[in-house]
Amino acid sequence: MEENITIDKPAGKLGVLMPGLGAVATTFIAGVMAIRKDIARPLGSLTQMGTIRLGKRTDKRIPLIKDFVDLANLNELVFGGWDIFAESAYKAALNAGVLDKELLDKVKEDIEPVTPMKAVFDQNYVRKLQGEHVKKADTKYDYAQMLIEDIQNFKEKNNLARMVTIWCASTEVFMKPHPVHETIESFEKAMKENHPAIAPSMIYAYASIAAGVPFANGAPNLTVDIPAMVEFSRQKEIPIAGKDFKTGQTLIKTIIAPGLKARLIGLNGWFSTNILGNRDGEVLDDPESFKTKEESKLGVLEYILQPDVYPDLYQNLYHKVRINYYPPRGDNKEGWDNIDIFGWLGYPMQIKIDFLCRDSILAAPIVLDLALFLDLAQRCSMKGIQEWLSFYFKSPMCAPELYPEHDLFIQLMKLKNTLRYIKGEDLITHLGLEYYD
Ligand SMILES: NC(=O)c1ccc[n+]([C@@H]2O[C@H](COP(=O)([O-])OP(=O)(O)OC[C@H]3O[C@@H](n4cnc5c(N)ncnc54)[C@H](O)[C@@H]3O)[C@@H](O)[C@H]2O)c1
């Protein structure tokens, strides 16, 4: 295959802006600094440690992904963001309690200068939080203009060549798509009228796209997953992706469920419960924020198992997800799954999973990969929804006429085939008959 897409070189610095300098964002920033200093390895990051097979299995061409597609180098990343608390990334990381003080002190000089800009915040959308480090303006449109200015100033001040924005702030209350989300005109009008259907996360997304900066949404909020934003991103030729980082229990679910389905094993019930005690857990203790998360978590099995296609196996599946705020655990979540399955002749069996996981440790490499891949997408002139990044999301965005692809293995194949496509390499189908001719 010919190389069919022009990829601009990743020359110069790449700014990574994050609304929300909390547990995930600071674990990501501190981690990248530790990797730069060679005191840690980029475990869990496909862009840093992943390889890609090219050509036939006998060709033995298996480069690292970062070399194959020429991703931005970690030394070229510059971090920034917004938060409703003014503390530095060092202080916020200490408070989050994910990484040891000993490790944080080794990167203190690098992360202490990362301080948040004033946030666009409204407690109506995150009821459990209250902060003073916030902007003041008359309309939501004015807030967007202030954010655009922040982005431009950050770019200038740090002499950046390119930027990306990744939403790492708290989960907002559950919102349904509203008629004002339909077109960019109705959306802008609604911002000017302070319409309640415009959440702060949407204002950040709007500002980012308006400033020419790709945007990914790590939380389950609607944010960019509305027609107005999709249209705006296509108009401005900006890649967007979302939503809700796929970590923890949902990651495991999308690993196990495709396996059970592959072997035509039936499911009666899947009960998932969690305890976690970080600020994210506290925010999710509010039923309205939990509902946003619940919707994002529940869809996964439905789409993977396709009960309409396999009624005998999955029609009667009872799926329940619970999140319980339990402060003693901090960021170290425990997730239990009880899975009631049935096999040959309908005989029942059970699977129990007890996942002692660390949420932000699983999320940090996703932020890194999304930053580098969104930058790649922009350098390849890709615009609008980047479905090939579904691999990273619990609730992947896709074209309106499609259903989202949740199976982790199909998502990975889609991602790697997209990279092969960009570089003009043959796509891999795994047919393999040619080896036996
Ligand atoms: N850790 C994971 O595994 C995981 C997985 C999927 C999704 N997420 C989502 O990622 C987000 C971040 O998670 P976290 O554990 O870092 O949470 P966190 O509470 O530690 O950090 C969120 C930060 O966002 C700030 N914030 C809230 N509203 C803001 C606004 N409007 N503008 C700027 N800052 C704002 C808060 O002050 C806080 O510092 C959450 O929405 C969470 O649901 C996390």
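The following legends describe close-up views of a predicted model.

**View 1. Division of the protein into two domains.** Domain 1 is made up of residues 13-245 together with 361-422, whereas domain 2 spans residues 248-358. A distance of 25 Å separates the C-alpha centres of domain 1 and domain 2.

**View 2. The contact between domain 1 and domain 2.** On the domain 1 side, 27 residues are in contact with 30 residues of domain 2. Helix H15 (359-379) and helix H16 (408-422) are the elements that each contribute two or more residues to the side of domain 1 that touches domain 2. By class, this side of domain 1 comprises 14 nonpolar, seven polar and six charged residues.

**View 3. The crossing of helices H7 and H9.** Two packed helices are described by the distance between their axes and the angle between them. The axes of helix H7 (residues 140-157) and helix H9 (residues 200-210) come within 8 Å of each other and cross at roughly 50°. H7 and H9 are therefore oblique to each other. The crossing of H7 and H9 is right-handed.

**View 4. Residues at the contact of H7 with H9.** Helix H7 contributes Lys140, Tyr143, Ala144, Leu147, Ile148 and Ile151 to the contact. From helix H9, the contact is made by Ile203, Tyr204, Tyr206, Ala207, Ser208 and Ala210. Ten nonpolar residues, one polar residue and one charged residue form the contact of H7 with H9.

Key: Residues numbered from 1 in each chain as written. Predicted model: local features only at pLDDT ≥ 70, side-chain atom pairs only at ≥ 80, totals over all residues. Domains from an automatic or database assignment. Contact = placed C-beta atoms within 7 Å. Helix = DSSP H or I, 4+ residues; strand = E, 2+ residues; numbered from the N terminus. Nonpolar A, V, L, I, M, F, W, Y, C, P; charged D, E, K, R; others polar. Axes fitted to C-alpha atoms, helices over the stretch in contact; angles between N-to-C directions. Parallel < 35°, antiparallel > 145°, perpendicular 65-115°, else oblique. Left-handed = near helix turned anticlockwise from the far one by under 90°.
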